[in-house]
Amino acid sequence: MARLARTILLGTIAAGAGIWWLGRAYDVESSALLGFLMSSAILVAVTIVAAIGGGAALFWLRRRRYRRTSFDVFRARVRAPPDRLDPADPSDP
């Protein structure tokens, strides 16, 4: 888990530095660049929250479905086969 956190942190720093470098290269004002960085951070945060919410909803639905209904409810009652087949039965090999 620590490696994942480190990778996320380093990726975030690299992306921010790249956006900052491109903004400076194309003479974008610092206030506008900061606004772009904040809007992209908000977009990423909203996407992460939506993904977590969707995963939680799927987990809840799956758990609720399996707890309430079992496949045994849908199975028909089957009679046990007779112990001996009728010798006159043509299906008997």
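A pocket here is an open set of points on a 1 Å grid over the protein atoms alone, where a 1.4 Å probe fits, with protein on both sides within 12 Å along at least five of seven lines; lining residues have an atom within 4 Å of a point. This is a predicted model, so local features need pLDDT of at least 70 and side-chain atom pairs count only at pLDDT 80 or more, while totals for chains, interfaces and linings use all residues. Residues are numbered from 1 along each chain as its sequence is written, and side-chain values use heavy atoms, with hydrogens and water left out.

**Whole chain**

Start with the cartoon: the protein chain has two helices and zero strands (DSSP runs, H or I of at least four residues for helices and E of at least two for strands, numbered from the N terminus). Of the 93 residues, 2% are buried (under 20% relative accessible area; exposed is over 50%, partly exposed in between, 1.4 Å probe, protein chains only).

**The pocket**

Next, select Thr12, Ala15, Gly16, Ile19, Leu37, Ser40, Ala41 and Val44, which line the largest pocket. Helix H1 (2–25) and helix H2 (30–68) each give two or more residues to that lining. The volume of this pocket is about 170 Å³, counted as the space filled by probe spheres set on grid points joined across faces, edges and corners. By type, its lining splits into five nonpolar, three polar and no charged residues (Ala, Val, Leu, Ile, Met, Phe, Trp, Tyr, Cys and Pro are nonpolar, Asp, Glu, Lys and Arg charged, the others, Gly among them, polar).

**Across the helices**

Click on leucine 37, in helix H2. Which residues does leucine 37 contact, leaving aside its neighbours within four places in sequence? They are Gly16, Ile19 and Trp20, with contact meaning heavy atoms within 4.5 Å. Try the distance tool: C-alpha to C-alpha, leucine 37 and glycine 16 are 7.3 Å apart. For alanine 15 and leucine 37, that separation is 9.8 Å. Alanine 15 is part of helix H1 and counts as partly exposed because its relative accessibility is 40%.

**Along H1 and into the loop**

The end C-alpha atoms of H1 are 34 Å apart, which agrees with the 34 Å that its 24 residues should span at 1.5 Å a residue (1.5 Å times one less than the number of residues). Finish at aspartate 27, in the loop between H1 and H2. Most residues other than glycine have a negative phi. Aspartate 27 is not a glycine, yet takes a positive phi of about 55 degrees. With 71% relative accessibility, aspartate 27 counts as exposed.
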